[in-house]
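This report describes one protein model and its surroundings. Please keep the sequence and the structure in view while reading.

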Amino acid sequence: MFLPTIDLSEQEKLSNAHFSDLVQSLNLLGDIILNIPTLADSSLIKKFLETHPIDSYWVNPIKEQEFTDNDSIIHLLDQGTEKIVISSSKILSLNFDHIPADRLAVSINLDQSKDIEELIKKLTGSVSAYLITLSINSSTESLSEDLIQNLINLTKLSRKGLLPSGGQTKIGIILSDTDNHNSSIEIIQQLSEISVDLVANIRSLTLDPTDDKGLINISESLICTLNTDRSDGLFTTLVADERGEALGIVYSSAESIREALKTRTGVYQSRKRGLWRKGATSGAVQKLNKVQVDCDGDSLRFIVKQYGPGFCHLNTRTCFGNGKGLTALEQTLQSRKESAPPGSYTAKLFQSPDLLHSKIMEEADELCSAKTKDEIAWEAADLIYFTLAKCISNGVSLADIELHLDKRSKKITRRPGNAKPKWDVNATNTDETLTLQNDENKQQESQTKPVPTSSSIKNETIKMQKFNLSEISVTQRTSLLQRPIIKSDDIIARVRPIMDDVRKNGDAALIKLTEKFDGVKLESPVISAPFSPEAMALDESTRLAIDRAYDNIYKFHDAQYDRSTLVVETMPGVVCSRFSRPIERVGLYVPGGTAILPSTALMLGIPAKVAGCKQIVFASPPRKDGTVVPEILYVAHKVGASKVVLAGGSQAVAALAYGTESVPKVDKICGPGNQYVTAAKMVAQNDSSALTSIDMPAGPSELLVIADNTSNPAYVASDLLSQAEHGVDSQVVLVAVSLTHEHLAKIEHEIHVQASVLPRVNIVSQSIPKSFILQVNTLEDAVKFSNDYAPEHLILHLDKAEDLLEKIENAGSVFVGSYSPESCGDYASGTNHTLPTYGYARIYSGVNTLTFLKHITSQQLTKEGLHKLGTTVMRLAEIEELEAHRNAVQIRIKDIEG
Ligand SMILES: NC(=O)c1ccc[n+]([C@@H]2O[C@H](COP(=O)([O-])OP(=O)(O)OC[C@H]3O[C@@H](n4cnc5c(N)ncnc54)[C@H](O)[C@@H]3O)[C@@H](O)[C@H]2O)c1
Ligand SMILES: N[C@H](CO)Cc1c[nH]c[nH+]1
């Protein structure tokens, strides 16, 4: 057909209603070429598009191009230009290798180019269109046979293969005699037979069939290129919606095409009733968005926006029934927006932007944690539902979204794709970004990574997500109970080679890995007792605080140790007993990644000492100067530790499990830590050759608070923040029991205000939004949720909080009433702070004195006792067909009985 051009330097002159009308109709038919004088005049494009938003355009800088690099070309392509037209001389002198062929067109003047065949051969595969200027005699009615033959040769040459992304090279002919249009329809037809287009300026085009100024009629230009093998001469026409989904099949005639292009509505040719203006009687009218011709010119596709109940006369969306998937969801959401049945959840989402916000965040988070194919599809469906609800409530359709996607796909400059600091899961833990391969590069990267600062986040409200138990489904409740999935397999795959390295290469590996992960080059990885007084020197107040904490923790853990032997005579002459013995050698891990925790040294060292472990070895990541903090060394000294290993993560766990030249192998490894520490403990426990056990999985800190209207909002907020500050992966939960709106708002306000001034605001501003408030109506619901969640810490901010204790089934440690902040348990009241997380409180206890003990049973039978029990034992051995067992009793019984 033709490729229309518009000279943007003339747009002032052209801007009138007739011109706009023409532009809109040309936009229905395909690409429009925008001529600008030079690349420096690209502002003309912006100005034009502001008043004439067209879907797809090429840019043709028509004067000799003065650029020496192609930055301005890339900029235009990034902005949405479909193709840029470059002159043949420029395209050969500059390097356009990194611009896809699809986006480049070449202008060639046939009279001035000496060896056009050679040129086309050179450019094949690098460009997708040629605009060839021909000078022909203005009185020529049609193109000469020679010229046509010449063009056929060029066409064949330039279309030797298909383009890299499919399709064939486009060829447009610019006739240098632009003022003679009389013959143009014939020429268009001639050219279309060899699949070449005429390039025609908008000034030479018209929509008016009665126009006698010799202009080219747009509708006739289209019609003359179509062919049909139907006996009725009609063209099969596929009608599709804005997203390309087929609505039905109809027919078009020359007359209906003229009408459709003129009115820009769906007009077709009914085989029974003649010209058919779709929706004229039913109201289901169509706005015409595009008219496309198929690859061999015998059928059409009309892209339309369908109004009314649907395209089909049966009132369905399409002649093939109603849509499904995204289309159906969009329709449902749209109809809920217009009129929702009572109780509709979707309608509620439309009315509550906060709820919608929370759900989108929640679903995005769940999608990130999903692992299996099914889980991912399920979570993605949830996220799409809530995302589309947000779109529809704001008048955004799926087609609008797809338009953006298509626009983006045109960018040839790729964005770096980094996450914003707020969402960068590695932003606060530089260690996390390290991988086993390419560690050095990554380490540099992580050190320069921006971490959100208090000033960068102070404008955002730091708030938890909010749910109401009475409004969520059972599945949603279950998902609230889940912690972010631990990617055990991935992490285990990371820690195994580290552990193998330490196992094989001992101290050398430990020193190397400490340099790699903690950035410290050590001479020796171990400090041995007696520790130097200078290395554990403390100021008075610190020493007193540690001593006070030590005494309380010691007192409570000592009281747990029942040193007596349990003796039970199960029947006369049969005495069974049980006594405990300390585990001989224990390794105690004290975390030191995001915060150094001497309190953990107390929590692990004291019960080990109380139990009487003979060898206590601490491990903790060293400080940057290669030392360990004096507080940890002081505690190590107080509990009688023999060594402190200056290492963290999985390498420290491996050294304790297998031993190295300077680290003694231990029998049990205890202590909390990040995912690498936890995974390494699990690997060590499962390696029978290490013969090592562990305490439990003690991962990222957790807290659940149950609060009623008697609670103090400031206290509640302070408790939640105290655990949220541990790490970006900490999770805190507030179960609000019939809280008034005002009370809950006060707590939320306190959370934001207190969080904003914390030194670790960068951490809480990430962990708090991942945490949630659950509003419940009754205390029973609150306790049930808490028991199902099995939190590491549980705080009861309730009237008569102590009465609730008997109902608590699963929790690591409970804090009763408003004067029992969790921090007391973290440091000094006496209970242990190394507690099960991830819901393991269902099955594990926190660290206690028994953690460091094992129990041995013993028994002694008298002659009479054996005589009495003998027949029972022999019969059971007989049942199991274990003759030697039976015999060991019988041989004695025989003697006893003589
Ligand atoms: N559940 C409990 O009882 C309890 C008690 C105290 C602390 N905690 C938790 O313990 C955790 C402590 O974690 P942390 O990171 O601060 O200290 P950490 O000592 O557990 O881990 C730091 C070490 O991790 C290793 N590491 C880091 N990135 C690595 C990578 N990419 N590959 C291999 N190894 C890597 C390094 O060797 C580093 O020394 C926190 O989540 C905190 O909430 C839990
Ligand atoms: N709350 C942590 C256990 O999850 C322990 C701790 C150490 N220091 C402060 N707190």
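Where is Glu881 found? Glu881 lies in the loop that joins helix 30 (863–879) to helix 31 (883–897). Although Glu881 is not a glycine, its phi is positive, at about 55°. With 8 other C-beta atoms within 10 Å, Glu881 is exposed.

## The model and its confidence

The structure is a predicted model. The mean pLDDT of the protein is 89, and 92% of the residues reach 70 or more. Residues 427–458, however, have a pLDDT below 50; in the model, this stretch makes 45 contacts beyond near neighbours in sequence. Where pLDDT is low, the predicted coordinates should not be read in detail. For the complex, the predictor gives an ipTM of 0.96 and a pTM of 0.56.

## Overall make-up

The protein contains 31 helices and 31 strands. It has 898 residues, of which 37% count as buried.

In soluble globular proteins, nonpolar side chains tend to be buried together. The largest nonpolar core here has 74 residues, and the members that touch the most others are Leu34, Ile84, Ala105, Val106 and Val199. This core lies between domain 1 (2–224) and domain 2 (235–306), because both domains give residues to it. A second, separate core has 71 residues, including Leu513, Ala601, Met603 and Met696.

Which residues does Leu34 contact, leaving aside its neighbours within four places in sequence? They are Ile6, Leu8, Ile45, Phe48, Tyr57, Trp58, Val59 and Asn60.

## The shell around ligand 2

Ligand 2 is surrounded by Leu597, Ser599, Thr600, Ser701, Gln723, Glu792, Asp826 and His833. By class, this shell has one nonpolar, five polar and two charged residues. Why does ligand 2 lie between domain 4 and domain 5? Domain 4 (476–483 + 700–830) and domain 5 (524–529 + 538–694) both give residues to the shell, so the ligand lies between them.

Leu597, a member of this shell, sits in the loop between strand 21 (585–589) and helix 21 (598–611). Leu597 counts as buried because it has 23 C-beta neighbours inside 10 Å. Apart from residues up to four places away in sequence, Leu597 touches Val590 and Pro591. Its C-alpha atom is 9.3 Å from that of Ser620, which is 23 residues away along the chain.

Leu14 belongs to helix 1 (residues 11–14). It is partly exposed, with 18 other C-beta atoms within 10 Å. Although Leu14 and Ile202 are 188 residues apart along the chain, their C-alpha atoms are separated by 9.6 Å. Thr38 is in the loop between strand 2 (32–36) and helix 3 (43–51). Thr38 has 14 other C-beta atoms within 10 Å and is therefore partly exposed. Thr38 and Pro61 are 23 residues apart in sequence, and the distance from C-alpha to C-alpha is 4.7 Å.

Arg264 is found in the loop between helix 10 (254–263) and strand 13 (267–270). Arg264 is not a glycine, yet it has a positive phi of about 50°. It is partly exposed, with 18 other C-beta atoms within 10 Å.

## A cis peptide bond

The peptide bond from Ala529 to Pro530 is cis, with omega near 0°. Pro530 lies in the loop between strand 18 (526–528) and helix 20 (540–559).

Note on methods: Residues are numbered from 1 along each chain as its sequence is written. Chains are lettered from A and ligands numbered from 1 in the order in which they are written. This is a predicted model: local features need pLDDT of at least 70, side-chain atom pairs count only at pLDDT 80 or more; totals for chains, interfaces and linings use all residues. Helices (H or I, at least four residues) and strands (E, at least two) are DSSP runs, numbered from the N terminus. A residue is buried if 20 or more other C-beta atoms lie within 10 Å of its own, exposed if 12 or fewer, and partly exposed in between; C-beta atoms are placed from the backbone. A residue is near a molecule or strand if its C-beta atom, placed from the backbone, lies within 6 Å of it. Ala, Val, Leu, Ile, Met, Phe, Trp, Tyr, Cys and Pro count as nonpolar, Asp, Glu, Lys and Arg as charged, and the others, Gly among them, as polar. Domain bounds come from an automatic or database domain assignment. A nonpolar core is a set of buried Ala, Val, Leu, Ile, Met, Phe, Trp, Tyr and Cys residues joined through C-beta atoms within 7 Å. Two residues are in contact if their C-beta atoms, placed from the backbone, lie within 7 Å. pLDDT is the predictor's confidence in each residue, from 0 to 100.
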